[in-house]
Amino acid sequence: MQIAVLGAGSMGHGIAQVSAMAGHDVVMRDIDETVVEDGLEGIRSNLQGGVDRDKLTATEMDATLERITGTTDLEAAVADADLVIEAVPEDMDLKRDVFADVEAATGGETIIASNTSSLSVTEMASVLERPERAVGLHFFNPPHLMDLVEIVIAEQTDERTETFAVDYVRDLEKEDVVVRDTAGFASSRLGIALGLEAIRMVDQGVASPADIDESMSIGYGHPMGPLELTDHVGLDVRLHIAEHLREELGERFRPPQSLRRKVRAGKLGKKTGEGYYVWEDGDRVGMSGEWGEDDE
């Protein structure tokens, strides 16, 4: 199958990687050549890490890389695609524009999917002349390590598109959950609720970020605590989702002021080197602010 992934950031290049690892030919597109090259390098680095840990062979790595090409040309990326997955920033107007541009450049059978974590796929689909081919494919970060993909069924999504989406996710050897298009879907709605409460607990001095995270990772078996996950996702992303859910679902999703302050200060998590933790070269090396050194 031919797949186009629009966006070469952490989510985009991760989706491109897992699609290519499953044997699909992938074109990864972004508006900036440097971002495309960084995305390709991110895939190489992920795959090399898998080789180093004996998770895959050098031959499998080379075969995966051969299936992926990068471009800044939207029409070239999507022209022959059976599936297009947008992984652009979480902005509704931008995503609607991307959906419209993709439809104009593809055949009538191409499935058009969004990797949104909380925005309405129904609203995105409304710009299409054939909205029944729209669906949400919410991958989790990082896509090459996380097993779950949330399949979001818009009001317009038809049975063919839903079946296509389920088959694609299972072909990646990932677990699918199918949800109806509501604010925050299932995962973001629950994840944000947990993350916001963890932030409030830090603000109130209940415990350090590391101890709160360990209570969930060790006590409840979460692969990552809610504050570390916030740093991975990006504090700006989490704030944006929380504000959206507050508009849709009410005051229980009001973002804590400390989250707003960190975002204003540019402390966005792992990608900037500091959020609730301090990061160096992608590794967690300490806790931010008054909590001082990490005890790990």
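Predicted model: local features only at pLDDT ≥ 70, side-chain atom pairs only at ≥ 80, totals over all residues.
Local features need pLDDT of at least 70 and side-chain atom pairs count only at pLDDT 80 or more, while totals for chains, interfaces and linings use all residues. Residues are numbered from 1 along each chain as its sequence is written, and side-chain values use heavy atoms, with hydrogens and water left out.

The sheet comes first. Eight strands form an open sheet in the order E3-E2-E1-E4-E5-E6-E7-E8, with mixed pairing. Strands (E, at least two residues) and helices (H or I, at least four) are DSSP runs, numbered from the N terminus. Two strands pair if DSSP finds at least two bridges between them. Strand E3 (68-71) and strand E8 (175-180) are the edge strands, and each pairs on one side only. On average, neighbouring strands are turned by 25 degrees against each other, direction ignored. The axes behind this angle are lines fitted to C-alpha atoms, for helices over the stretch in contact, and angles run from 0 to 180 degrees between N-to-C directions.

Strand E6 (residues 134-139) was examined in detail. Strands of a sheet pair through backbone hydrogen bonds, either parallel or antiparallel. Strand E5 (residues 111-114) and E6 run parallel and are joined by three bridges. Here Ile112 stands opposite Ala134. Four bridges join E6 to strand E7 (residues 148-153), and this pair runs antiparallel. E7 is in turn joined to E8 by six bridges, in parallel. Val149 stands opposite Asp176 in that pair.

Six of the six residues of E6 are buried, so this strand is largely enclosed by the rest of the structure. Buried means under 20% relative accessible area, exposed over 50%, and partly exposed in between (1.4 Å probe, protein chains only). In a regular strand the side chains alternate between the two faces of the sheet. In E6, Ala134, Gly136 and His138 point one way, whereas Val135, Leu137 and Phe139 point the other way.

In soluble globular proteins, nonpolar side chains tend to be buried together. A nonpolar core is a set of buried Ala, Val, Leu, Ile, Met, Phe, Trp, Tyr and Cys residues joined through side-chain atoms within 4.5 Å. The largest such core has 34 residues. Val135, Leu137 and Phe139 are among those with the most contacts inside it. Val135 touches residues including Ile112, Val121, Ile151 and Ala165, not counting residues up to four places away in sequence. Contact means heavy atoms within 4.5 Å. A second, separate core of 21 residues includes Ala198, Leu235, Ile241 and Ala242.

Annotations were taken from UniProt. An unreviewed entry lists a "binding site" at positions including Gly7, Asp30, Asn141 and Lys271. The listed residues span 265 residues in sequence, and their farthest two C-alpha atoms are 22.7 Å apart, so they do not all gather at one spot. UniProt positions follow the numbering used here, feature names are shortened, and annotations may be inferred rather than shown by experiment.

Two of these positions were compared. Gly7 lies in the loop between strand E1 (2-6) and helix H1 (10-21). Gly7 is buried, with a relative accessible area of 6%. Lys271 lies in the loop between helix H12 (257-264) and strand E9 (277-280). Lys271 is exposed, at 52%. Its side chain makes a polar contact with the side chain of Asp236 (2.9 Å). A polar contact is a pair of N or O atoms within 3.5 Å; within protein, one must be able to donate a hydrogen and the other to accept it, and residues adjacent in sequence count only if both atoms are side-chain atoms.
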